Amino acid sequence: MFAATAIDTKDKPAFYKELAAQLKALLEGEGDSVANAANTAALIYQMVPDLNWAGFYFLASEDELVLGPFQGKPACVRIAVGKGVCGKAIELDMSMLVKDVNEFPGHIACDADSRSELVVLLRDAEGAFGVLDLDSPLPGRFDKEDQAGIEKLAAIYVAACEFEDDDGH
């Protein structure tokens, strides 16, 4: 049985290094992408301070993301590629760090309490197939250290999964 252990959050690189070790332990031996997404979202939501949402969106087609496992309030189910922070991250093929979502053109307000957002791409050999999305009620909550740490967690998730559909996603 896995049990998350408290991590000091004052040193972000050390925090994310320990969180990565805990995520690897949590996902070890499990290849199911849905189960792993659920546990990844739960661990991040439990351990990363000042979040009000943590979860996944997966490409259902080249034009649309669909909600996956998450922690937090109910969320938007479908997001068009190019729309909102998640859709823009897919369109631009890059992670997105938004200090104030109210200043982001086209932001989709699934939760009016969200003020900052960090979206990192999920990539495999075929390219991006989804995003890991974090929201916070605090403006400016995320920085480059958070982005680097969450990108590492996303890579651990991808490496742990055994994707089984025809196009490798």
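This is a predicted model: local features need pLDDT of at least 70, side-chain atom pairs count only at pLDDT 80 or more; totals for chains, interfaces and linings use all residues.
Residues are numbered from 1 along each chain as its sequence is written, and side-chain values use heavy atoms, with hydrogens and water left out.

**Helix H1**

Now select residues 12–27, which make up H1; helices (H or I, at least four residues) and strands (E, at least two) are DSSP runs, numbered from the N terminus. H1 reaches 22 Å from its first C-alpha to its last, close to the 22 Å expected at 1.5 Å a residue, where the expected span is 1.5 Å times one less than the number of residues. Colour its buried residues (under 20% relative accessible area, with exposed over 50% and partly exposed in between, using a 1.4 Å probe and protein chains only), among them Phe15, Tyr16, Leu19 and Leu23.

**Helix H4**

Move on to H4, where the buried residues include Ile150, Leu153, Ile156 and Tyr157. What covers the buried residues of H4 includes H1, H2 and strands E1, E4, E5 and E6. At its N-terminal end, show Asp143, which caps H4 through a side-chain oxygen 3.0 Å from the backbone nitrogen of Glu145.

**The sheet**

Next, display the 6 strands of the open sheet, which are ordered E3-E2-E1-E6-E5-E4 with antiparallel pairing; two strands pair if DSSP finds at least two bridges between them. Strand E3 (78–80) and E4 stand at the edges with a single partner strand each, so one side of each is left without a neighbour in the sheet.

Select E1 and E6, which pair over 6 bridges in the antiparallel sense, and find Phe58 opposite Gly130 in E6. On the other pairing of E1, 7 bridges join it to E2, where Gln71 is the bridge partner of Ala54, and a hairpin links E1 to E2 through 2 residues. Finish at E2 and E3, which form a hairpin with 5 residues between them, and select Val66 together with its bridge partner in E3, Arg78.

Key: Contact means heavy atoms within 4.5 Å. A polar contact is a pair of N or O atoms within 3.5 Å; within protein, one must be able to donate a hydrogen and the other to accept it, and residues adjacent in sequence count only if both atoms are side-chain atoms.
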